[in-house]
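Subject: Structure for you to look through

Hello,

Please find the sequence and the structure below. My notes on what was found follow after them.

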Amino acid sequence: MPLSMDFVHIERGWGRTLVLLPGWGFLAEIFSRLSLPYDYILPAGPLAGDVSEDIAEFLYRTGVSRTTLLGWSLGAYLAVDFAKRYPEKTSSLLLVSLRTAFCISEIELVRALVEADPEGTLRDFYRRCFAGQKGDYRWFVECYEKRFIKAIKKVELLDGLSYLSSRTIDLDRIPCRDILIVHGARDLISPAHLVPRLPHLRFFLIPGTGHLPFLSPEFGRILFGNP
């Protein structure tokens, strides 16, 4: 059976891999400013549902036995899905802007907006995502906003909402224990009080950032000591 999503492997000379999974309404290029000590595996298109099997098949094809996954927003749910299904292939999880669940009423409101005006809904969503990150928002609008809106179809947005409506995160139920959660203090999409908390989890809150805290210079410094 053909897989629903292909991936791209970017060799960066580190000899260890990081699967980068973007959020709803975004493409993998949103990670273009990241410089983390890994080779990268990136999805070739927008994500709208469980791609665990696709990731596992791509790892097999590229000879990667284990990987770390960085999942952001919807991508964080996908990273947890993979860790549940393939614990033997999961080294660790970096979960960014994750919340325990989305309310059905929230999802249905966004679904109605997407049905009526997908482009306008995405533009408004992007503005809310970048709360507290004006410079990052200007960069995104200049470099990516038009391309993302053109590339991501309404059906993919709706499928992503259906996926999110079916997910509740319980991190105590997954075999992986090396889990780091990073959140933005000004996140309007996933407010900090909705972040799953457990005693064994490492948690960082990055001040002055919204839903995209990985764009902050603090992200690399806090996680890996990057200059």
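**A loop residue to start with**

Leu 27 is found in the loop between β2 (17-21) and β3 (39-43). Helices (H or I, at least four residues) and strands (E, at least two) are DSSP runs, numbered from the N terminus. The model is a predicted one, in which local features need pLDDT of at least 70, side-chain atom pairs count only at pLDDT 80 or more, and totals for chains, interfaces and linings use all residues. Residues are numbered from 1 along each chain as its sequence is written, and side-chain values use heavy atoms, with hydrogens and water left out.

Leu 27 is buried, with a relative accessible area of 5%. Here buried means under 20% relative accessible area, exposed means over 50%, and partly exposed is in between (1.4 Å probe, protein chains only). Contact means heavy atoms within 4.5 Å. Leaving aside neighbours within four places in sequence, Leu 27 is in contact with Pro 22, Gly 45, Pro 46, Arg 147, Phe 148, Ala 151 and Ile 152.

Leu 74 lies in helix α2 and counts as buried at 1% relative accessibility. Not counting residues up to four places away in sequence, Leu 74 touches Pro 22, Gly 23, Trp 24, Leu 47, Gly 160, Tyr 163 and Leu 164. The C-alpha atoms of Leu 74 and Leu 21 are separated by 8.1 Å, with the two residues 53 apart along the chain.

Val 114 lies in helix α3 and is buried, with a relative accessible area of 0%. With residues up to four places away in sequence not counted, Val 114 touches Trp 24, Thr 121, Lys 154, Leu 157, Leu 158 and Leu 161. Lys 154 is 40 residues apart from Val 114 along the chain, and their C-alpha atoms are separated by 7.0 Å.

**The nonpolar core**

In soluble globular proteins, nonpolar side chains tend to be buried together. A nonpolar core is a set of buried Ala, Val, Leu, Ile, Met, Phe, Trp, Tyr and Cys residues joined through side-chain atoms within 4.5 Å. Which residues of the largest nonpolar core touch the most other members? Of its 78 residues, they are Phe 26, Ile 30, Leu 70, Leu 95, Phe 214 and Phe 219. Helix α2 (residues 74-85) supplies the largest share of this core, eight residues.

Apart from neighbours within four places in sequence, Leu 95 is in contact with Gly 71, Ala 76, Ala 79, Val 80, Leu 171, Ile 179, Leu 180, Ile 181 and Val 182.

**Two serines with positive phi**

Ser 73 is not a glycine, yet has a positive phi of about 60°. Ser 73 lies in the loop between β4 (67-72) and α2 and is buried, with a relative accessible area of 8%. Ser 97 also has a positive phi of about 60° although it is not a glycine. Ser 97 lies in the loop between β5 (90-96) and α3, and at 1% relative accessibility Ser 97 counts as buried.

**The largest pocket**

A pocket is an open set of points on a 1 Å grid over the protein atoms alone, where a 1.4 Å probe fits, with protein on both sides within 12 Å along at least five of seven lines; lining residues have an atom within 4 Å of a point. About 400 Å³ of space lies in the largest pocket. Of the 18 residues that line the largest pocket, the closest to its centre are Glu 106, Val 110, Phe 125, Arg 128 and Ile 189. The helices α3 (104-116), α4 (118-129) and α6 (154-165) each supply at least two residues of the lining. The largest share, five residues, comes from α3.

**Cysteines**

How many disulfides does a search of the whole structure find? The search finds zero, a disulfide being a pair of cysteine sulfur atoms within 2.5 Å. Cys 103 is in no disulfide, and the nearest cysteine sulfur, that of Cys 129, is 17 Å away. Cys 103 is partly exposed, with a relative accessible area of 43%, whereas Cys 176 is buried, at 9%.

Regards

Conventions:
Grid points are joined across faces, edges and corners, and a volume is the space filled by probe spheres set on the points.
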